[in-house]
Amino acid sequence: MQVEILKNVPKTDAKQYLRVATIANKTALCYFYIGNDSNSLQLLSESFDSGIQAESLDVAKSLFASGKADTADVIIVDLPYDQRALKEFHFFLKNRGFNSLPIMYNDCHLKNSSALAQDEVIDDIIDLCNWQYDFSSKISFLKKSKEYSFSAKVSPINVKPQRSITKRLFDIICASLLIILLIPVYLLIALAIKLESKGPIFYNSSRAGRGFRIFKFYKFRTMVINADKKIEDLAHLNQYQDSTKGAKFFKISNDPRITKVGKFLRNTSLDELPQLFNVLKGDMSLVGNRPLPLYEAATLTTNEFVERFMAPAGITGLWQIKKRGQANMSTEERISLDISYARNSTLLYDLWIMANTPKALLQKSDV
């Protein structure tokens, strides 16, 4: 069943503040919605001028095959997560020439999925119950990012296959050796975390890496539980108050959410050790740009920032050895360092960054 939504539907009084913010960022683009949730359709219809609905992936295929979905600018999937079916749909789109069409997935279907975005199909995760960002710039960014990935002619920082393979082998060997050597350290840290506060030993969250690929990011827990829900209450303490052009990062000095053990782990960078497993899985590299929380990555959705996501996500990188632990760093400086690494990345450059990482591990300030 296909449903074209060409005009705004009447507003309801539910979540009125969210809807006003959403309508303020309304885009002239066309969405292709796969699902059958009335609340999701309501929100999308208030954010886009037009849209197309398909109740299943099979119906979506038929609409694309018939040419009825050629006007779509983004695909938004609101179905229970089925990795195999999604891969088949993605393969179908590639064969039809829709390589640069972004695919977004409703977060509520992914929370219990252990295969979150490992198939490299999902380009972004959104919460169709509670989101309010500029879809126009976000979709434009995702398209540009996918064009960089699919076309060597577009990308000024195209990575040679041999270099990519060498980097991957280097990552696997080093990460494996480090994990084996650090097993006693892992156990001691886990015990310290458990003795101090209630909650899990590890913290994981969705992060955006290379090409805005979403993956589960691992760290030792350094904060009290539900710390992410307190961000808005602490926004006035954010050190990146000079953010311009919409880009935003979040970090505060002497964060009250951090536990005593967590403070030690952060200042010694020991909280980062579980990311070695991200490296083994291929989510990250030993050296690259820091993978960003989705609420931060969503603000870097303009063409001028796209190069920042062309480098792999990394445990350490140029930002860490240049500016880590400095409270006076601006958003522009951080983005500039990320782009610089993306443009100049080589294996020798990675080795230089790794050689300079130890002296940056011990922070002088609590940021």
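Student: How many residues does helix α4 have, and what span does it reach from its first C-alpha to its last?

Tutor: Helices are DSSP runs of H or I with at least four residues, strands are runs of E with at least two, and both are numbered from the N terminus. The expected span of a helix is 1.5 Å times one less than its number of residues. Helix α4 (residues 83–95) has 13 residues and reaches 18 Å, close to the 18 Å expected. This is a predicted model, in which local features need pLDDT of at least 70, side-chain atom pairs count only at pLDDT 80 or more, and totals for chains, interfaces and linings use all residues. Residues are numbered from 1 along each chain as its sequence is written, and side-chain values use heavy atoms, with hydrogens and water left out.

Student: Which residues of α4 are buried?

Tutor: Buried means under 20% relative accessible area, exposed over 50%, and partly exposed in between (1.4 Å probe, protein chains only). In α4, Leu-86, Phe-89, His-90, Phe-92 and Leu-93 are buried. Seen down the axis, these residues fall within an arc of 155° and so line one face of the helix; the arc is that of the directions from the helix axis to the C-beta atoms. On the face turned away from the buried side are the exposed residues Arg-84, Phe-91 and Asn-95.

Student: Which strand is joined to β3 by bridges?

Tutor: Two strands pair if DSSP finds at least two bridges between them. Here 3 bridges join β3 to strand β4 (residues 103–106), and the two run parallel. Ile-75 stands opposite Ile-103 in β4.
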